[in-house]
Amino acid sequence: MAGRSTAATALLTRQKITHSIHPYDVSPDAPHYGALVAAALGVPPQRVFKTLVAEVDGALTVAVVPVTSELDLKALSAAVGGKRAALADRAVAERSTGYVRGGISPLGQRRRLPTVVDVSALDHETVYVSAGRRGLQLQLAPTDLVALTGAGTARIATR
């Protein structure tokens, strides 16, 4: 794991959470990035989740949704008891999480933000999320993801 440690992987190791690390080589600017990451990993795209930072009524909130879907901002807002949601500015998301776009992990963020994981994650034995660096994914049980982030689950992805 030399050279692959991130705040997310360090958290999992510290908490003794079963996980595996999977490198991949896909340009973060490629169209259909999530589907390409799933293909590079050789897994169904429904098991690969992206981490998005949104502002709900002015408060930053993390949303974790399948790469095959888009974030339903109205559903996210409702899931956290808010009225209005919009995606956060890239610089704000990077500054608050400590990660760069294309490598934002829901785990090990600089500042722990309220988090909602799309309920579809619970349909899988394991899911893939960013390890906190472009080109690196973590595989872990969705129940561990929810527990470590203190997340709620709700249907927040479009189908």
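Trainee: Which residue does R90 form a salt bridge with?
Mentor: R90 pairs with E94, and the closest N and O atoms are 3.2 Å apart. Keep in mind that this is a predicted model.

Trainee: Where do R90 and E94 lie?
Mentor: Both are in helix α4, 4 residues apart, which is about one turn of the helix.

Trainee: Is R90 buried, exposed or partly exposed?
Mentor: R90 is partly exposed, with a relative accessible area of 45%.

Trainee: How many salt bridges does the count come to?
Mentor: The count comes to 2 salt bridges. Besides R90 with E94, D29 forms a salt bridge with R101, with the closest N and O atoms 2.9 Å apart.

Trainee: Which parts of the chain does the D29 and R101 pair link?
Mentor: Distant ones, 72 residues apart. D29 is in the loop between β1 and α2 (33-41), and R101 is in the loop between α4 (90-97) and β5 (115-118).

Trainee: And how accessible is D29?
Mentor: D29 is exposed, at a relative accessible area of 61%.

Trainee: Switching to sheets. What is the strand order in the open sheet of 3 strands?
Mentor: The order is β1-β7-β6, with antiparallel pairing. The edge strands, each pairing on one side only, are β1 (19-23) and β6 (127-133). The twist averages 35° from one strand to the next.

Trainee: How many bridges are there between β1 and β7?
Mentor: β1 and β7 (residues 136-140) pair over 5 bridges, in the antiparallel sense. Within that pairing, H19 stands opposite L140.

Trainee: What sits between β6 and β7?
Mentor: The two strands form a hairpin with 2 residues between them. G135 in the turn has a positive phi of about 85°.

Trainee: Is β7 mostly covered or mostly open?
Mentor: Mostly covered: 5 of its 5 residues are buried. L136, L138 and L140 point one way, while Q137 and Q139 point the other way.

Trainee: What does L138 touch?
Mentor: Leaving aside residues up to four places away in sequence, the contacts of L138 include A8, T9, L12, I21, L107, V127 and V129. L138 is also among the residues with the most contacts inside the largest nonpolar core, which has 28 residues. Others in that group include L12, V64, L107 and V129.

Trainee: Which elements supply at least two residues of this core?
Mentor: Those are α1 (7-14), β2 (49-56), β3 (59-66), β6, β7 and α5 (142-149). There is also a second, separate core of 12 residues, which includes A54, A75, V116 and A154.

Trainee: Back to Q139. How accessible is that one?
Mentor: Q139 counts as buried because its relative accessibility is 17%, and buried means under 20%.

Trainee: Which side chains make polar contacts with the Q139 side chain?
Mentor: T126 does, at 2.8 Å, and so does Y128, at 3.2 Å. Among the other residues Q139 touches are T18, H19, H22 and R47.

Trainee: What about the sheet of 5 strands, what order does it have?
Mentor: The order is β4-β2-β3-β5-β8, and the pairing is mixed. The edge strands are β4 (85-87) and β8 (152-154), each pairing on one side only. Neighbouring strands are turned by 35° against each other on average, direction ignored.

Trainee: How do β3 and β5 run?
Mentor: They run parallel and are joined by 3 bridges. V64 has V117 in β5 as its bridge partner, and both V64 and V117 are among the residues with the most contacts inside the largest nonpolar core.

Trainee: Last one, where is L122?
Mentor: L122 lies in the loop between β5 and β6. It counts as partly exposed, at 41% relative accessibility.

Trainee: And what does L122 touch?
Mentor: L122 touches P142, T143 and T153, not counting residues up to four places away in sequence. The C-alpha atoms of L122 and T143 are separated by 7.1 Å, although the two residues are 21 apart along the chain.

Methods. Residues are numbered from 1 along each chain as its sequence is written. This is a predicted model: local features need pLDDT of at least 70, side-chain atom pairs count only at pLDDT 80 or more; totals for chains, interfaces and linings use all residues. Side-chain values use heavy atoms; hydrogens and water are left out. Two strands pair if DSSP finds at least two bridges between them. Axes are lines fitted to C-alpha atoms, for helices over the stretch in contact, and angles run from 0 to 180 degrees between N-to-C directions. A salt bridge is a side-chain nitrogen of Lys or Arg within 4 Å of a carboxyl oxygen of Asp or Glu. Buried means under 20% relative accessible area, exposed over 50%, partly exposed in between (1.4 Å probe, protein chains only). A nonpolar core is a set of buried Ala, Val, Leu, Ile, Met, Phe, Trp, Tyr and Cys residues joined through side-chain atoms within 4.5 Å. Contact means heavy atoms within 4.5 Å. A polar contact is a pair of N or O atoms within 3.5 Å; within protein, one must be able to donate a hydrogen and the other to accept it, and residues adjacent in sequence count only if both atoms are side-chain atoms.
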